[in-house]
Amino acid sequence: MARRMVYLDHSATTPMDPRVLDALLPCFSDVYGNTSSSHSEGRRAERALETARETIAGLLNCKPHEIVFTSGGSESDNMAIRGVAWYARRVQQEVHLVASAVEHPAVGKTMAVTAGELGCTYSLLAVDHYGRVDAEAAAEVIQPSTTLVSVMAVNNEVGTLEPIAQLAALAHSRGVLFHTDAVQAGGQVRLDVQQLNVDLLSLSAHKFYGPKGVGLLYVRDGVNLHPTQTGGSHEGGRRSGTVNTPGIVGMAKALEIAYDGFDEFTAHYRTMRDLLIDEVLTHVPGTILTGHRTERLPSHASFVVDGVEANTLLMHLDTRGVLVSSGSACKTGNPEPSDVLLAMGLSREAALSSVRLTVGRSTTEEDVAYAVEALRASVERARTLPSGGLYDFN
Amino acid sequence: MKDVRDTRVVVAMSGGVDSSVAAALLVEQGYEVIGVMMRLWSEETTAAGAHNRCCTPDQMSDARRIADRLGIPFYVLDTKSTFRTTVVQFFIEQHREGNTPNPCIECNRQIRFDFLLNNALALDADYLATGHYARIQRDIEGNYRLLKGVDEAKDQSYVLSVMGQAQLGRTLFPVGSLPKAEVRRIAERFGLPTASKKDSQDLCFLGDGDYRRFLREHAPDVMTPGPIMKTTGEIVGEHRGLANYTIGQRRGLGVDSREPLYVVRMSIEDNRLVVGASNELGNLALTARRVNWVSGKTPASAFHAEVKIRYKAKPVPALVEPMDNGRIRVQFDEPVRGVTPGQGAVVYEGDVCLGGGIIERQPNQVGR
């Protein structure tokens, strides 16, 4: 097969849509004002910012002032968890936090660190072998002192969709705030915050063909956040710092494009994903799908490849022009098993053998066929690596 | 012969000058080059996670940047468990047997020219290249020969003497035909870092460079104190465990004596360290086992050659006599000091490295 480069790592990041670039470029030069300035250039920049905010609020079905712009998903998650916990600590004696056992470290680690800093406690919600939180089990974990429950909308490693609306309803029935890290879901799941009934929601633009370095936190009216970044009281005092107008304008355009073409894009993702899953399971021996077969992100396929260390496999795939990632992604040759897969009940060995292939708008059937053949050949090579004498591969 | 542009070479990169220049030269010659660094095992000495001195985070990022500058891919290969179960285990076991091992020889035998070379071949590479100072030539009959590096002071053929025809046919040493000064000039020309890693006697997997502490922790049995005995039978002190000493060692014995005393042998059986005068150190002969012949063929009869008994020793004239079971007997023209069980005995004919084996305990180094 003629060599080509196939990028199947869209859950890591996406290339920026050219229309997004067109929309944001003027904000670097023409509309250069500081949104805080009272003069005409300041007002022009402010108009661009607030128009973007309105666009996004319309798409998420919330009020514009409920959107706080940030530098991305990790900052949004930090703002939600630290902001809620710090505020709660001022007004109540005991603070208890809850997250799922399969969160991205931006939530999982932040919660552990915050609990340590504030002297509060936290619990992790167990998941089933798909990586899905059981709402009934979650009910057991919530205590009178529980302040916040945080569960991701989609798991980044295995693509599993979490029952967010159900968990949010449960949290509310117990008077607890609910946050969701929707970074992986961005652009691929219709995130209507009223329907989902969440209090806080994190998004990051570069996951849906927007620019890097920009994201948002939806904060429902009435939710009190202690500001984690103080200064000139931008964003309603919730996030100080000169506003990243180009990034925000780009993010609004990217979300608009994603929602305008929503059905078409997600149908394409599903077609490519299902083809990829079927072909891999058929043609690559010793592969097991991780996560749910259907209740998963449209673009997301993930596998455990028996007997192959994932980082070795990634190296082989890269030399064949196929760009993917692993649950134990590591550039230092010191892979650690994925916590997510361990929480799902997989063995340590299996957790070191996981690969993730995520399709995008430009992925074609030819790309999938090429990637599957490259995976088959790479797995064969990486699996038979001998020692104690040179191996004849020809 | 394949066109260089269709020839894929995996270069073992360390972030240092030699392997960086090796990679740069191959890129310049038009090969398709892939940079690989092995992540080797190291002691857990810090909470942040231990790093083998051959592959620290700094060296990894140096190598990554060099690869990027040369426009080649770069990967780090997890080699921790393989290295632990071969080289490190070998190091411990050799000390248990009263030997002074050379882990670099074992690393080249089991890791670099086996594990890594196989990984390179699996990546469809035609060759593995390293920054070693040695040369590979093909004679008129098509056999590969291993030669000393042009820069005799830097020559590393001693630790490469474990290579056979299969390995040599798949290996390139791009800097082996250059003097070190020239390698530095080339590094400057390519804008590569010119500082080489400090040549060190320390072992790469030791957290602090102290192998005695390492053995105390990982193999306390080889660190049992016992008597120091002169060859005359007189007990003159107590040693701190035989693995602390090596044949020919004078310093650090902690024995009061008018004449200088040297470690003559170690008696594992009764945990005695035997010391004697310098004239008791010489050996006129040695035997070695696990002998590798680079040609792949054991010589039919004894022959005259030069033999090197340590990495930094000078080769000395000797008669080399092949024996059964992959052993050789080496008869020196004059007595040689410092014949140390566990070190390599490597056989040369001029610049050509014919092979070598691991020095066994000699009759005068056995018993009381």
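Me: What makes helix α4 of chain B bent, and where does the bend fall?
Reply: This is a predicted model. In it, α4(B) covers residues 103–122 and bends by about 30° at R109(B). The bend is the angle between an axis fitted to the seven residues ending there and one fitted to the seven starting there. For R109(B), that angle is about 30°.

Me: Why is α4(B) called mostly covered?
Reply: A residue is buried if 20 or more other C-beta atoms lie within 10 Å of its own. In α4(B), 18 of the 20 residues are buried. Just after this helix, D124(B) takes a positive phi of about 65°.

Me: How is chain A divided into domains?
Reply: Domain 1 takes 6–14 + 262–383, and domain 2 takes 18–260. Their centres, taken over C-alpha atoms, are separated by 27 Å.

Me: What makes up the contact between domain 1 and domain 2 of chain A?
Reply: Two residues are in contact if their C-beta atoms lie within 7 Å. The contact takes 25 residues from domain 1 of chain A and 24 from domain 2 of chain A. On the domain 1 side, α10(A) gives the most, with 4 residues. That side divides into 9 nonpolar, 13 polar and 3 charged residues.

Me: How many residues of chain A and of chain B are in contact?
Reply: 20 residues of chain A are in contact with 19 of chain B. On the chain A side, α11 (310–319) and α14 (365–383) each give two or more residues. α11(A) gives the most, with 5. By class, the chain A side has 8 nonpolar, 8 polar and 4 charged residues.

Me: Why are β2 and β4 of chain A said to stand at the edges?
Reply: The open sheet has 7 strands in the order β2-β8-β7-β6-β5-β3-β4 (chain A), with mixed pairing. β2 (67–70) and β4 (121–125) each have a single partner strand, so one side of each is left without a neighbour in the sheet. Neighbouring strands of this sheet are turned by 20° against each other on average, direction ignored.

Me: How do you know that β6 and β7 of chain A pair?
Reply: Two strands pair if there are at least two bridges between them. 3 bridges join β6(A) (residues 177–181) to β7(A) (residues 200–204), so the two strands pair. They run parallel. The bridge partner of D181(A) in β7(A) is S202(A).

Me: Which strands does helix α5 of chain A touch?
Reply: α5(A), residues 105–118, packs on the sheet and touches β3, β4, β5 and β6 of chain A. The direction of α5(A) makes about 160° with that of β3(A).

Key. Residues are numbered from 1 along each chain as its sequence is written. Chains are lettered from A and ligands numbered from 1 in the order in which they are written. This is a predicted model: local features need pLDDT of at least 70, side-chain atom pairs count only at pLDDT 80 or more; totals for chains, interfaces and linings use all residues. A residue is buried if 20 or more other C-beta atoms lie within 10 Å of its own, exposed if 12 or fewer, and partly exposed in between; C-beta atoms are placed from the backbone. Domain bounds come from an automatic or database domain assignment. Ala, Val, Leu, Ile, Met, Phe, Trp, Tyr, Cys and Pro count as nonpolar, Asp, Glu, Lys and Arg as charged, and the others, Gly among them, as polar. Axes are lines fitted to C-alpha atoms, for helices over the stretch in contact, and angles run from 0 to 180 degrees between N-to-C directions.
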